[in-house]
Amino acid sequence: MTSKRQVHLAAHFPGVNNTTVWSDDRAESQIAFSSFEHFARNAERGCFDFLFLAEGLRLREQKGRIHDLDVVGRPNTLAILAALAGVTDHIGLVGTLQTTFNEPLELAKQLATLDHLSDGRAGWNVVTSSDAFHGANFRRGGFLDHADRYTRAAEFVELARELWDSWDAGAVVADASVGRFADRSRIRDVDHHGPQFDVAGTFPVPRSPQRHPVVVQAGDSDEGRDLAARHAEVVFSLHTEFDDARTFYTDVTDRLERVGRSKDELLILPGATFTLGDTQADAEERSRAIRRAQVSPATAIAFLEQVWNRDLSSYDVDGPLPDVEPDVDADAITRGRVRHAKDPRALVRSWRDRAAAEHLTIRQLVIEVSTSGGFVGTPSSIAAEIDRYVQERASDGFVVVPHTNPYGLDDFVDRVVPLLQERGVYRSSYDEGATLRRTLGLPGHVLDRQQVTA
């Protein structure tokens with residue numbers, strides 16, 4: 001009998017994004033350590049593979065004003081993960097960190113340090129950016145051509161791995177009897193000269209427990225998929241509808257063979273929201289309430305403005321869509337967001353047709369096109385659907401995205417995880433001393449923690 005494929009779950013800390021309902025009665029600080037600690041401990045209680053933190057390098061703006069969801073700020077990812085390493089024992093700690101506005105040696109050093117501090121639980125979500133808005137916060141500015149961002153990212157990851165590999169296992173001798181701490185013959189200097197980076201010298205951090213922190217990638221363009229096939233070990237996907245998810249899964253895994261990798265070297269985990277109810281009707285009613293809370297009147301207008309590229313503040317969110325056309329010639333009024341349509345006029349026409357056919361107001365239309373109900377149902381139906389995606393190779397699991405912080409994951413851990421365990425597709429405990437790579441079941445570079453200095 002063929003054994004069942006195992007479900008992998010990650011937990012996305014709810015922060016400044018369109019799924020978060022900061023106005024919920026149970027919502028607490030998105031920057032206080034107590035919120036991160038509760039969320040991490042609860043995810044670990046649910047035996048999740050890893051905790052996932054997003055990152056932003058600048059507060060988003062619209063019409064020159066800071067977007068309201070961003071006013072809590074964007075705290076430093078590595079500082080939070082390092083602190084969480086001290087209050088957790090098993091769960092992986094994955095942070096989103098730029099290749100565009102960081103330097104390889106410094107970021108490789110920080111990630112290797114996190115891997116040491118966490119006993120081998122560090123992961124890096126590799127992201128890129130090429131826009132001048134974010135770049136204005138950095139000396140180099142936003143002068144990287146869009147076509148070059150993945151070229152830089154690929155060399156960045158390759159150089160980081162070269163740095164991590166420069167210390168062999170056993171390079172740290174620590175033999176007090178002969179007064180010898182390190183075996184220099186097992187430490188190679190790095191001498192890298194490429195189109196993006198020139199690095200020469202000795203990497204300052206000994207080999208970490210995983211040798212390479214786990215590399216995660218979230219790009220969806222053709223270039224992003226190629227980058228994932230060459231370098232990623234986990235893909236954080238936006239493809240959550242079953243047929244679309246399976247098409248994406250097949251596309252990315254087929255690319256692995258073309259670059260000499262096997263299909264067991266990469267996991268694909270779509271991000272997924274969830275709403276639980278005692279009955280299907282109860283869950284659907286809760287989902288409608290959550291989706292409405294995710295789109296406040298101000299958010300609905302702001303969303304339309306990103307497509308119309310006009311000030312639409314005079315329009316009633318409970319009225320019809322604006323009768324003016326998008327201004328495609330003016331400078332963008334939105335900075336730091338990624339919702340701009342390639343063909344605003346065509347998109348507006350389709351929205352007007354839909355609003356007319358379904359009798360939708362501005363707010364109702366925005367709810368329909370900008371939010372998703374995700375998994376909506378009873379605990380048993382959601383567990384069954386997660387299992388179906390994995391068994392039928394539409395995904396290897398999910399990055400679970402709750403809508404409130406820090407308690408939004410609690411019900412999922414209490415009510416869905418036990419049912420996945422009963423199905424025999426999800427662990428009931430961690431392997432003692434396992435690194436994140438081993439927890440994920442990834443091959444290659446697997447080191448027990450005691451082997452770091454062996």
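Strands β5 and β6 run parallel and are joined by six bridges. Within that pairing, V94 sits opposite G123 in β6. A word on bookkeeping: this is a predicted model, where local features need pLDDT of at least 70, side-chain atom pairs count only at pLDDT 80 or more, and totals for chains, interfaces and linings use all residues. Residues are numbered from 1 along each chain as its sequence is written, and side-chain values use heavy atoms, with hydrogens and water left out. Helices (H or I, at least four residues) and strands (E, at least two) are DSSP runs, numbered from the N terminus, and two strands pair if DSSP finds at least two bridges between them.

Now zoom out. β5 and β6 belong to a closed barrel of eight strands with parallel pairing, in the order β1-β2-β5-β6-β11-β12-β13-β17. On average, neighbouring strands of this sheet are turned by 30° against each other, direction ignored. For such angles, axes are lines fitted to C-alpha atoms, for helices over the stretch in contact, and angles run from 0 to 180 degrees between N-to-C directions.

Let's look at helix α3 next. It lies across β5 and β6, and runs at about 150° to β6. The helix spans residues 104–117, 14 residues in total, and reaches 20 Å from its first C-alpha to its last, close to the expected 20 Å (that is 1.5 Å times one less than the number of residues). Its buried residues (under 20% relative accessible area, with exposed over 50% and partly exposed in between, using a 1.4 Å probe and protein chains only) are P104, L107, A108, L111, A112, L114 and D115. They all fall on the same side of α3 because they cover an arc of only 155° around the axis, taken from the directions from the helix axis to the C-beta atoms. Behind that pattern is a simple rule: an α-helix has 3.6 residues a turn, so residues three or four places apart point the same way. The cover over these buried residues includes α2 (77–85), β5 (92–98), β6 (122–127) and α5 (149–164), with contact meaning heavy atoms within 4.5 Å.

K109 is also in α3. Its relative accessibility is 33%, so K109 counts as partly exposed. Setting aside neighbours within four places in sequence, K109 contacts F203, P204 and V205. After the helix comes D119, whose phi is positive, near 60°.

Together with helix α6 (residues 222–231), they make a right-handed β-α-β unit; right-handed here says that, with the strands pointing away from the viewer, the path from the first strand over the helix to the second runs clockwise.

On its other pairing, β12 runs parallel to β13 (residues 267–272) over four bridges, and F236 has L269 in β13 as its bridge partner. The chain gets from β12 to β13 through helix α7 (residues 242–258), again as a right-handed β-α-β crossover.

β13 pairs with β17 in the parallel sense over two bridges, where G271 stands opposite V399. Four bridges then join β17 (residues 397–400) to β1 (residues 8–12), also parallel, with V400 as the bridge partner of A11.
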